[in-house]
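This report describes the fold of a predicted model and selected packing details within it.

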Amino acid sequence: MQTTTTSHSNRLCEKIDLAMPAVQSITNEVLSHPQLRELFPEFLLRVHWLIRFSSPLMTSAKAECERRADSDEVSAAMIPYLEEHLLEEDGHDELLLQDLESIGYPREDILRRLPDPSVASAQGAMHYWTVHHHPVAMFGSLVPSECYQTSMEAIDFLQKRSGYPRSAFRTIELHSELDKEHGEEALKFLDSLPLNEWHHEVLRVAALNFLAGTTQMYRELLDQFPVD
Amino acid sequence: MKTENTTTQAPLSATEKKLLAKVQANVKPRPAWVKFFMNTLCGLY
């Protein structure tokens with residue numbers, strides 16, 4: 001059997017790439033929607049449902065890494081990465097609340113909305129694998145989120161079509177700019193870890209499950225805005 | 001960059017195939033009004 005050399009990050013991204021045409025098809029449908037002005041705040045709300053769990057997931061991962069560090073080389077190596085990345089992600093959920101407030105959506109109303117079962121299931125599964133299987137599972141949501149960010153060109157198009165002020169786009173703009181760097185850091189870090197097949201299994205399954213849940217969340221949003 | 005020897009594009013497991021099918025099931029035939037950014041990445045957000 002011919003063997004070739006590939007990195008850990010390439011192995012994960014090869015599998016994510018299989019799902020990305022579907023992800024991009026759905027997000028393109030959101031961006032192009034004829035009722036974009038009505039749909040856009042609901043889209044941002046769902047982004048908030050995703051982003052608000054980033055820091056809690058990393059905090060749980062860090063605690064689990066610390067518990068395992070003495071006997072687990074991968075967990076030990078993840079601690080400094082998580083310490084730094086937690087600082088980088090701090091406050092992004094608050095910024096998104098401010099973005100929504102800037103277009104007339106009070107935070108009290110946003111925080112009272114029950115997040116869809118699709119996002120709760122996807123994030124809940126991520127937490128389960130991270131805490132009860134291995135903390136490396138958290139890269140199953142971090143890599144699809146940070147390494148496949150929406151381009152500035154698409155954000156400009158979104159603003160123009162929706163007619164909302166730039167203040168509503170600060171978080172996704174920040175994500176577009178910062179995550180080019182964060183995404184590269186995440187992939188480089190994955191490549192530095194002593195991962196084996198057991199770790200790769202949970203990475204692949206966690207990433208695909210996360211994308212199944214998030215695409216379902218957006219599908220259900222689009223279905224609430226049917227076009228004749 | 002740390003690497004390891006492996007075959008590229010290992011086949012998907014049954015679980016992975018099922019999850020990929022779930023992702024793809026959320027795509028409907030593209031309506032005519034969808035502007036597709038062929039050269040512009042649109043990620044999750």
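**Overall architecture**

The model is predicted, and its local features are reported only where pLDDT is at least 70. Chain A contains 11 helices and 1 strand. Along the principal axes, the C-alpha atoms of chain A occupy a box of roughly 55 × 40 × 30 Å. Of the contacts in chain A between residues at least 6 apart in sequence, 84% join residues at least 24 apart.

Chain B has 1 helix and 1 strand.

| Chain | Residues in chain | Buried residues |
|---|---|---|
| Chain A | 228 residues | 43% of residues |
| Chain B | 45 residues | 18% of residues |

**Packing of helices 3 and 4 in chain A**

Two packed helices are described by the angle between their axes and the distance between the axes. Helix 3 of chain A spans residues 54-68 and helix 4 of chain A spans residues 73-89; the two pack at an angle of about 155°, with their axes 9 Å apart. Angles over 145 degrees count as roughly antiparallel, and helix 3 and helix 4 of chain A are therefore roughly antiparallel to each other. Their crossing is left-handed.

On the side of helix 3 of chain A, the contact is formed by Ser54(A), Ser55(A), Met58(A), Thr59(A), Ala61(A), Lys62(A), Cys65(A), Glu66(A) and Arg68(A). These meet Ser75(A), Met78(A), Ile79(A), Leu82(A), Glu83(A), His85(A), Leu86(A) and Glu89(A) in helix 4 of chain A. By class, the contact between helix 3 and helix 4 of chain A comprises 7 nonpolar, 5 polar and 5 charged residues.

**Val23(B) and its surroundings**

Val23(B) lies in helix 1 of chain B, which covers residues 14-25. Is Val23(B) buried or exposed? A residue is buried if 20 or more other C-beta atoms lie within 10 Å of its own; Val23(B) has 24 C-beta neighbours inside 10 Å and therefore counts as buried. Leaving aside residues up to four places away in sequence, Val23(B) touches Ala19(A), Ala22(A), Leu208(A), Leu211(A), Ala212(A) and Thr215(A).

Key. Residues numbered from 1 in each chain as written. Chains lettered and ligands numbered in written order. Predicted model: local features only at pLDDT ≥ 70, side-chain atom pairs only at ≥ 80, totals over all residues. Helix = DSSP H or I, 4+ residues; strand = E, 2+ residues; numbered from the N terminus. Buried ≥ 20, exposed ≤ 12 C-beta atoms within 10 Å, placed from the backbone. Contact = placed C-beta atoms within 7 Å. Axes fitted to C-alpha atoms, helices over the stretch in contact; angles between N-to-C directions. Parallel < 35°, antiparallel > 145°, perpendicular 65-115°, else oblique. Left-handed = near helix turned anticlockwise from the far one by under 90°. Nonpolar A, V, L, I, M, F, W, Y, C, P; charged D, E, K, R; others polar.
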